[in-house]
Amino acid sequence: MSNKKVLSALVRNHPGVLQRVSGLFYRRGYNIETISACATENPKFTRMTIVVITNDELEMSQIIRQLSKIQDIRRIAVMDSDKAIFSESMMVKFECPPECRTEFLNLTFRNHMNVLYIGDSTATVTMTGSPDDLDAVLDKFAAYRIVEMNRSGLSAMEASDRPFAEMDDAEFIN
Amino acid sequence: MKLNGSDIICEVLLEHGVDTVFGYPGGAVLNIYDALYKYSDRITHILTAHEQGASHAADGYARSTGKTGVVIATSGPGATNLVTGIATAMMDSIPMVAITGNVGTPALGKDSFQEVDITGITMPITKHNFIVRDVEKLAPILRKAFLIARSGRPGPVLVDVPKDITAQFTEFTSEKPKKPANVETSNDDVAKAVKLINESKRPMIYAGGGVISANASEQLLALAERADIPVSCSLMGMGGFPSDHRLYCGLIGMHGGYGSAMATDNCDLMLVVGARFSDRVAGDAKSFAKNAKIIQIDIDAAEFDKNVLIDLSIRGSAEDVLAKLAERIEKADHSEWVDQIAKWSNEIHCTQEDGDNATPEAIFAELNKIMQPDDIVCTDVGQHQMWTAQMYNFKKPRTFVSSGGLGTMGYGLGASIGSQMGNPDKRVVLITGDGSFHMNLNELTTLASYNLPIVVLVMNNQVLGMVRQWQKLFYDRRFSHTDPCRKTDFVKLAEAFGVTGMRISKAAEIESTLKAAFDKNGPVVVDCRISKDINALPMIPPGAGADKIITEMN
């Protein structure tokens with residue numbers, strides 16, 4: 001992930017907030033690989049994880065400074081790979097005719113995957129892990145054609161006992 | 001006490017000391033206008049001809065007074081007509097609160113009549129915006145809007161209020177407005193800057209709009225005088241430093257003086273105050289002030305290392321940081337360096353003669369005699385704007401009202417209305433061009449309605465001069481659509497609006513006509529006929545340095 005940086009942001013859970021963040025990336029020409037926004041333990045907050053494609057330290061600091069000006073953002077920080085933990089989930093529908101099914105299911109079992117749906121000629125599985133884990137597993141299924149795939153985008157947390165930010169919403173209105 | 005949403009809007013305006021608003025009524029703001037009727041003894045509403053004019057008026061009001069400008073418009077087209085005015089305020093960091101009406105909450109999202117998603121539209125051009133979906137939140141949102149508009153780096157905030165919210169009742173208690181939080185300046189950074197300034201042999205200051213918005217001109221003057229540092233101003237910094245001071249080297253950038261340009265190239269230290277190295281200042285960001293250590297003072301950390309890499313950043317209010325620096329730096333004498341810059345400034349002359357015809361230079365020479373230091377000069381955008389920055393003698397902050405970052409043609413007339421409303425005791429002059437003036441001259445009707453004693457000087461060269469100048473320089477004189485052959489008679493036009501019209505053609509007419517215009521004490525348009533081949537000079541071509549400065553052209 002040398003040309004990628006992971007940003008984590010705690011933001012106000014509000015309809016416009018994703019647009020404010022993605023709009024900033026769009027108009028300033030920064031590249032996003034994935035962006036995920038999801039619920040937290042507090043319904044007033046959303047946690048966003050943004051994977052930014054950049055090699056440029058200056059651009060990265062600009063991105064953080066520009067994002068920091070968005071009123072809805074409580075805290076934003078870079079998640080360094082040695083100080084953070086990452087997870088992503090994916091859902092993959094493989095081509096899997098009945099004659100391959102046993103072998104396919106064995107493979108899913110060995111790779112700790114959950115089988116969600118078995119159709120006439122396909123099988124859909126899900127798995128969670130680091131992006132590298134997911135890529136590695138996909139390689140093992142090279143014999144099976146992928147009919148469709150959804151990846152959730154990266155989720156990140158600091159490897160620390162402390163929470164990322166205080167969920168103090170006193171300053172937030174609306 | 002229980003109040004409806006519209007009364008709450010007026011009450012929150014009053015809480016924030018707002019006594020003047022600009023706007024235009026419409027269906028979705030009928031309730032708000034009904035409240036304005038009731039509050040008319042405490043809130044003056046200025047009706048413009050077009051919402052864009054109202055937005056520029058709120059902006060001009062803010063720039064010239066330092067207060068937050070307020071504009072009100074209805075939903076749909078009323079709201080979209082504010083867009084250029086809001087973007088203008090955003091680019092120049094002007095505190096503004098725009099209140100728009102919208103269709104009632106049940107009708108939102110149904111493509112209702114005059115419905116538009118104005119919060120979506122203005123997201124990139126506001127500091128923040130809100131849509132109010134609950135009357136309970138109306139007052140807190142408006143208060144927050146005023147707070148955001150003035151906090152840190154100022155800017156416009158839009159509050160969209162659906163019609164049903166303006167009619168619903170809720171409990172209202174008046175509150176004192178919150179003060180924006182101070183940005184703490186690091187003493188370490190100040191100490192580092194003091195050391196760099198003390199060690200410098202050839203320092204210069206590049207002052208921008210932050211000096212004006214932080215009311216830091218006194219501190220700037222004190223610092224410059226104590227350490228004997230010459231000062232150049234960006235367009236936004238005009239008035240932040242007295243133009244008749246021995247340390248003043250003039251405008252910096254594309255149309256700045258040779259002294260400023262050579263000082264930039266040759267200084268060993270550049271202290272940047274509330275400025276952002278726009279491409280109109282740092283044409284070539286890589287070679288800008290290439291021999292200097294750069295210290296940048298700004299309240300917005302995102303400006304550090306954005307366009308030009310700097311050596312030291314000091315985050316804080318310009319007023320605060322400059323005061324700290326002035327307190328700690330050593331007294332110095334850089335007279336040799338200051339004299340050298342003056343020599344450079346005098347090396348080139350761009351005087352453009354035109355026989356016995358009126359010229360911008362002659363008009364400004366006369367204007368400089370008439371105007372008082374506190375009087376306000378508004379401009380539109382183009383050659384006349386650069387002539388104003390180059391030739392008008394600015395002495396005080398908040399006397400120059402001009403669209404810098406966005407470069408909004410059509411800004412000036414609305415801005416002059418706001419400036420005059422905010423400064424009833426000062427003379428307000430609008431310098432405009434025939435191109436810019438054509439864009440929003442409908443606001444002449446507002447000058448007439450309110451009998452605003454604004455003198456409008458139209459630098460009428462019959463062409464879109466600045467674009468035409470670029471076509472001369474870079475497009476082999478192919479004058480594509482810059483010579484519109486318009487037949488507008490600005491004297492008759494003014495009279496049709498109920499405004500006095502006058503004309504200057506010959507240099508000999510300037511003094512008497514300007515005197516007559518100023519003596520009118522009412523709205524006057526002076527059609528100043530000038531040659532289409534007088535250019536805005538000097539000029540450093542885009543992306544180039546001082547060595548490429550253009551001092552004459554046909």
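Into which domains is chain B divided? Chain B comprises domain 1 (2–171), domain 2 (187–347) and domain 3 (360–536), with bounds that come from an automatic or database domain assignment. The model is predicted, so local features need pLDDT of at least 70 and side-chain atom pairs count only at pLDDT 80 or more, while totals for chains, interfaces and linings use all residues. Residues are numbered from 1 along each chain as its sequence is written, and chains are lettered from A and ligands numbered from 1 in the order in which they are written.

The secondary structure of chain A amounts to 4 helices and 9 strands; here helices (H or I, at least four residues) and strands (E, at least two) are DSSP runs, numbered from the N terminus. Read from the N terminus on, the elements of chain A follow the order β-α-β-β-α-β-β-α-β-β-α-β-β.

Of the 174 residues of chain A, 22% count as buried. A residue is buried if 20 or more other C-beta atoms lie within 10 Å of its own, exposed if 12 or fewer, and partly exposed in between, with C-beta atoms placed from the backbone. Among the contacts in chain A with a separation of 6 or more, 75% come from residues 24 or more positions apart. Two residues are in contact if their C-beta atoms, placed from the backbone, lie within 7 Å.

Helix α1(A) (residues 17–28) has 12 residues and reaches 17 Å from its first C-alpha to its last, close to the 16 Å expected at 1.5 Å a residue; the expected span is 1.5 Å times one less than the number of residues in the helix. Just after α1(A) comes G29(A), with a positive phi of about 75 degrees.

Strand β2(A) (residues 31–39) includes T34(A). This residue, T34(A), counts as partly exposed because it has 18 C-beta neighbours inside 10 Å. Leaving aside residues up to four places away in sequence, T34(A) touches V51(A), G153(A) and L154(A). T34(A) and R151(A) are 117 residues apart in sequence, yet 9.5 Å apart in space, C-alpha to C-alpha.

Strand β8(A) (residues 146–151) is hardly covered, with a count of 0 buried residues among its 6 residues. Strand β5(A) (residues 84–95) pairs with β8(A) in the antiparallel sense over 5 bridges; two strands pair if DSSP finds at least two bridges between them. Within this pairing, F94(A) has I146(A) as its bridge partner in β8(A).

Attention now turns to chain B. The C-alpha centres of domain 1 and domain 2 of chain B lie 37 Å apart. In chain B, 6 residues of domain 1 are in contact with 6 residues of domain 2. The domain 1 side of this contact in chain B divides into 1 nonpolar, 3 polar and 2 charged residues. In this grouping, Ala, Val, Leu, Ile, Met, Phe, Trp, Tyr, Cys and Pro count as nonpolar, Asp, Glu, Lys and Arg as charged, and the others, Gly among them, as polar.

Chain B also contains an open sheet of 6 strands in the order β16-β15-β17-β18-β20-β19, with parallel pairing. The edge strands are β16 and β19 (500–504) of chain B, each of which pairs on one side only. Strand β15(B) (residues 376–379) is covered on both faces: I376(B) and C378(B) on one side and V377(B) and T379(B) on the other are all buried. Parallel pairing joins β15(B) to β17(B) (residues 428–433) over 4 bridges and to β16(B) (residues 400–401) over 2 bridges. V377(B) has V429(B) as its bridge partner in β17(B) and stands opposite F400(B) in β16(B).

β15(B), helix α16(B) (residues 383–391) and β16(B) form a right-handed β-α-β unit. A crossover is right-handed if, with the strands pointing away from the viewer, the path from the first strand over the helix to the second runs clockwise. Elsewhere in the sheet, β19(B) and β20(B) (residues 524–529) pair in the parallel sense over 5 bridges, and I504(B) has C528(B) as its bridge partner in β20(B).
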